[in-house]
Amino acid sequence: MIGNSLTDPALPVPSDLVVEEVEIAVIGAGPAGLMAAERLSAAGRRVTIFDRMATPGRKFLMAGRGGLNLTHSEPLAAFLPRYGADHARFRRFLAAFSPLDLRSWADGLGADTFIGSSGRIFPRAMKASGLLRAWLRRLAAQQVSLRLQHQWCGWQGNDLLFCTGGAYRRVRAQATILALGGASWPKLGADGGWQALLRARGVAVADLVASNCGVDIAWSEHFIANFSGQPLKAVAVAVGDEQRRGEIILTRYGLEGGPIYAMSPAIRTALARGGKVSLRLDLKPDWSQQQLAERLLTRRHGQSLSQFLKKQLHLPGPSYALLREAQPADDAAIPDDPLALALRLKALPLQVTALRPIEQAISSAGGITFDALDENLMLRRLPGVFACGEMLDWDAPTGGYLLQGCFATAVAAATGVGRYLAVPPS
């Protein structure tokens, strides 16, 4: 019994299903799947895309709601380390499809990209909808067939099995590209259900975990009621030896924001070692501890610390409340000594208890291990089956690195399929 857990009850699979033959099957109509289909169809291959959702590119559209950050303009020497331990592997992927290549591709679809003040690259419209429409028109012009509401259920023999409209469909492909995404925002299409299907075939898959997500901190009820939703601009956060700067948001459950997202791998590793993690918040990263202490000495007798922090140090409004939240349970007093108080403002300890659930994360880490893939991103245990995008076991921060990684691995997988099909069967 194989069932579609999302839309249909478990259905018996008929043994005499009619087999539909296609040249290349791409499973997943997100950025990686669409890019792989475009490259192969442009080379004259006949491509059929299957996706379980009613419309393609759902997560791509969500990514564009706040401004579609396609990639980043920084030099390769700074770009590659964003992929952590996989940076050497991504050197090869980005050599074949670089940030400049991605920008040229988007411009070719009428996106008219530009470099923002942070170095990030966006389409002029700051949305994904127009780019996606132009992209789908190009794929249609290249005779790519798009089969929506087709839930992939694994294999019957060596053929692909899909559930659609309460019935099964059996598809025989000369080559298959898996581009089903990770497990973040499952309502948009990627739920990680493919993990069990691949593990059943002996493919090594690292558990999917939340990345680029907020963190949980046990704020007091008073703090939540008065400061939830407020930003902290131009601050720095640190975990261990890693530090990031930028704007973060105070939430009812903890913290959100770019610096927090970038620290996800470090926080995840520290949590795995021992429960809680101390995140250090620097409220005045451009000042030294000594500079802060000297300014604190100018505080007038009778002037409240809360007003002094706001008016003389120009710290965010919630700063005094954060000082109180960060106090140890057995010590309710904020330090009086200027040097000690300056140190607290430079390294405010906040106890992180957990990352936010994977369903609320921007991306997920984990997936098919690179040891399970050959140099063409073909599964060693499944000849003719390739994988790309967030299905692979890599991690990167927001800022354009996620989409760049998805596009670049899609190009690599498409290139691998081309090589595979060019070799006559033995």
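Which residue forms a salt bridge with aspartate 159, and how far apart are the closest N and O atoms? The partner is arginine 170, and the closest N and O atoms of the pair are 2.7 Å apart. Arginine 170 lies in strand S9 (residues 167-178) and aspartate 159 in strand S8 (residues 159-164), so this contact ties together parts that are 11 residues apart in sequence. Please keep in mind as you read that this is a predicted model.

**Salt bridges**

Side chains of opposite charge can pair when their charged atoms come close. In this structure there are 17 salt bridges. The pair we began with has both of its ends buried: arginine 170 has a relative accessible area of 15%, and aspartate 159 has one of 4%. Both values count as buried because the cut-off is under 20% relative accessible area. The pair also belongs to a network, in which salt bridges with shared partners join Glu21, Asp159, Arg170 and Arg172.

| Salt bridge | N to O distance |
|---|---|
| Arginine 170 and aspartate 159 | 2.7 Å |
| Aspartate 86 and arginine 89 | 2.8 Å |
| Lysine 59 and glutamate 390 | 3.3 Å |

Lysine 59 is partly exposed, at a relative accessible area of 24%, whereas glutamate 390 is buried at 13%.

Aspartate 86 and arginine 89 also meet through their side chains. Here aspartate 86 is the buried end, with a relative accessible area of 15%, and arginine 89 is partly exposed at 30%.

**A helix pair**

How are the axes of H5 and H6 arranged? Helix H5 (residues 99-108) and helix H6 (residues 129-141) pack at an angle of about 80°, and their axes are 10 Å apart. The two helices are therefore roughly perpendicular to each other, because angles of 65 to 115 degrees fall in that class.

You can find the contact by looking at Trp105, Ala106 and Gly108 in H5, which meet Leu131, Trp135 and Arg138 in H6. Sorted by class, this contact has four nonpolar residues, one polar and one charged.

Terms used
Residues are numbered from 1 along each chain as its sequence is written. This is a predicted model: local features need pLDDT of at least 70, side-chain atom pairs count only at pLDDT 80 or more; totals for chains, interfaces and linings use all residues. Side-chain values use heavy atoms; hydrogens and water are left out. A salt bridge is a side-chain nitrogen of Lys or Arg within 4 Å of a carboxyl oxygen of Asp or Glu. Buried means under 20% relative accessible area, exposed over 50%, partly exposed in between (1.4 Å probe, protein chains only). Helices (H or I, at least four residues) and strands (E, at least two) are DSSP runs, numbered from the N terminus. Axes are lines fitted to C-alpha atoms, for helices over the stretch in contact, and angles run from 0 to 180 degrees between N-to-C directions. Angles under 35 degrees count as roughly parallel, over 145 as roughly antiparallel, 65 to 115 as roughly perpendicular and the rest as oblique. Contact means heavy atoms within 4.5 Å. Ala, Val, Leu, Ile, Met, Phe, Trp, Tyr, Cys and Pro count as nonpolar, Asp, Glu, Lys and Arg as charged, and the others, Gly among them, as polar.
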